[in-house]
Every structure is written in C-alpha cells, then in structure tokens.
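Open the model in your viewer and keep the selection tool ready. The stops below say what to pick and what is there.

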Amino acid sequence: MMEIQPVAHIRSDFKEKFGIPRQSGLVETLRAAVIFTPEYRVFEAVRGLEDFSHIWLIWEFSQARRETWSPTVRPPRLGGNKRVGVFASRSPFRPNGLGLSCVRLVGIDYGDKDSPVLLVAGADLLDGTPVYDVKPYIPYADAHPEASGGFTSQIARKTLQVRCPEELLGKLPAEKRDALLGVLAEDPRPSYQDDPERVYGMAFGQWEVRFRVEGDQLTVTGIEVK
C-alpha cells in the first residue's frame, strides 16, 4: 500500500467551505498560492514549470474526512435530491477523499520566505488544504473539446447579477474586488435554497460578506472585517 504525504498547502481567501466555487477555473480573478512544505521547498523541483500556463493540483478534501463511504451521493447541482454513483461525481465524500483541480499558473515567486511559491488563479480550495502532487497541464493530452459531460451537461450554468454598493466594495483592496464579485456571481448558495428574505454570510479573506438573492440578482448588504 502506498503512503503519501502533503508536498504543499494552499493559501487562499476561503477560510470556510461556503462560497468556494464548485469547480476550478470558474473565477479566474481568484488568486491563491501553493506553499511547499519545508522538505519540498527546493528550487530544482519546479525547474521548467514556469513554461506551462496551467497545472494540475491533487489534493485532499481535508474537511470532509469520514470513516465510511457511500456508493451514491447527491450532487448539489441536481437539487440535492437525485442520487448518482460516487465515481460519477466530484463529491468530497469519496473513499479516498482526493480532489483534482486545474488552475492557471500566474507565476513562481522565488523571493518569498517560503519560496518557491506557486501563484495560481482559479483555485477552488479551502485555505490550508493539503496538496499531494503538482503536475503540468499538457494541452494535447489533457484537452478534449469533444468530451461529453454526463448529467452536468443537462444543467444550464447560471450566474447571478451582482449588485454591490460602492461604499461596501470600497472596503476591500482593489485587487480583491473582482474576485469577490466573481465568487458571488457563481451563486454560493446550495441549489435547493431560494429564500429572497434570507441573509447569507460568507467568509472571504478577513471579511464577512452578507448578501441576499432574489431571482437572478444578488445584492450585497454588508462587508465587515471579522
């Protein structure tokens, strides 16, 4: 039996699971960093990686560990009612709890105290998530435009119109604003919830973001430092 250990951890603005995009690459303005553990913090280990535009991250659903597993799951995008096989889904509740994300490699920081640090865009990972491997994305082998998407092809991707008053958005640094708006546009709510009176709270970096959703419009009602 193979034993594996993390080679890195993610540094992101998501301190809680609520609000994380459901797939990688959906919000390109999101920024995160891959911080290698000390024994893998070696410059030679990433030699040549800067020539690739995208990379694969193999990681663990560390907040969804369970002693048992179920052969079927209820994908949120199917309303949380219809079951499909666990291997026909990307559910975090899997036999081995491993996730796979394709992210854009923005650059490699060689000047950070923890260098080399991989700077990535479009990551869908909780802050502190253990990463077990990093691999380059190879277009001729990894891209399949003709692929079918199973049940996901039957679900229209719907984004929300986001209204955020300038006085609230101004509480965030300029480089964080587009990322937050992109996350909110993806509709962080569970797909089976549709209460226009409910105020939702989402952690984003050091801020608590509150919002309501009515129809296809999301309105931000508050942004405060936690």
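Start with aspartate 114 and arginine 41. They form a salt bridge, with the closest N and O atoms 3.3 Å apart. A salt bridge here is a side-chain nitrogen of Lys or Arg within 4 Å of a carboxyl oxygen of Asp or Glu. Aspartate 114 sits in the loop between S6 and S7 and arginine 41 in the loop between S2 and S3, so the pair ties together parts 73 residues apart in sequence. Strands (E, at least two residues) and helices (H or I, at least four) are DSSP runs, numbered from the N terminus.

A word on the model. It is predicted: local features need pLDDT of at least 70, side-chain atom pairs count only at pLDDT 80 or more, and totals for chains, interfaces and linings use all residues. Residues are numbered from 1 along each chain as its sequence is written, and side-chain values use heavy atoms, with hydrogens and water left out.

Stay on this pair and colour by accessibility. Aspartate 114 is buried, at 12% relative accessible area. Arginine 41 is partly exposed, at 27%. The cut-offs: buried is under 20% relative accessible area, exposed is over 50%, and partly exposed lies in between (1.4 Å probe, protein chains only).

Select aspartate 13 and lysine 176. Their side chains meet in a salt bridge at 2.8 Å, N to O. Aspartate 13 is in the loop between S1 and S2, and lysine 176 is in helix H3 (residues 174-185), so this pair ties together parts 163 residues apart in sequence. Aspartate 13 is buried, at 13% relative accessibility. Lysine 176 is partly exposed, at 21%.

Next, pick arginine 189 and aspartate 194. Another salt bridge is here, at 3.7 Å, N to O. Buried or exposed? Arginine 189 is buried, with a relative accessible area of 6%. Aspartate 194 is exposed, at 59%.

Now select Arg11, Arg41, Lys113 and Asp114 together. Salt bridges that share partners join these four into one network.

**The barrel**

Switch to cartoon view. Follow the strands S1-S2-S7-S6-S3-S8: these 6 strands make a closed barrel with antiparallel pairing. Neighbouring strands of this sheet are turned by 45° against each other on average, direction ignored. The angle is taken between axes, which are lines fitted to C-alpha atoms (for helices, over the stretch in contact); angles run from 0 to 180 degrees between N-to-C directions. Strands of a sheet pair through backbone hydrogen bonds, either parallel or antiparallel.

Zoom in on S1 (residues 8-11) and S8 (residues 130-136). They pair in the antiparallel sense over 2 bridges. Two strands count as paired if DSSP finds at least two bridges between them. Select histidine 9: its bridge partner in S8 is proline 130.

**Aromatic pairs**

Show the rings. A search of the whole structure finds 7 aromatic pairs. Rings of Phe, Tyr and Trp (its six-membered ring) pair if their centres lie within 6.5 Å; planes under 30 degrees apart count as stacked, over 60 as edge-to-face and the rest as tilted.

Pick phenylalanine 43 and tyrosine 110. The ring centres are 5.3 Å apart and the planes stand at 80°, so this pair is edge-to-face. The pair links distant parts of the chain, 67 residues apart: phenylalanine 43 is in the loop between S2 (31-36) and S3 (54-60), tyrosine 110 in the loop between S6 and S7 (117-121). Phenylalanine 43 is partly exposed, at 42% relative accessible area. Tyrosine 110 is also partly exposed, at 38%.

Move to tyrosine 200 and phenylalanine 211. Their ring centres are 5.5 Å apart with planes at 15°, so the pair is stacked. Tyrosine 200 lies in strand S10 (residues 200-204) and phenylalanine 211 in strand S11 (residues 207-214), 11 residues apart. Both tyrosine 200 and phenylalanine 211 are buried.

Select arginine 157, in the loop between helix H1 (139-142) and strand S9 (161-163). Arginine 157 is exposed, at 53% relative accessibility.
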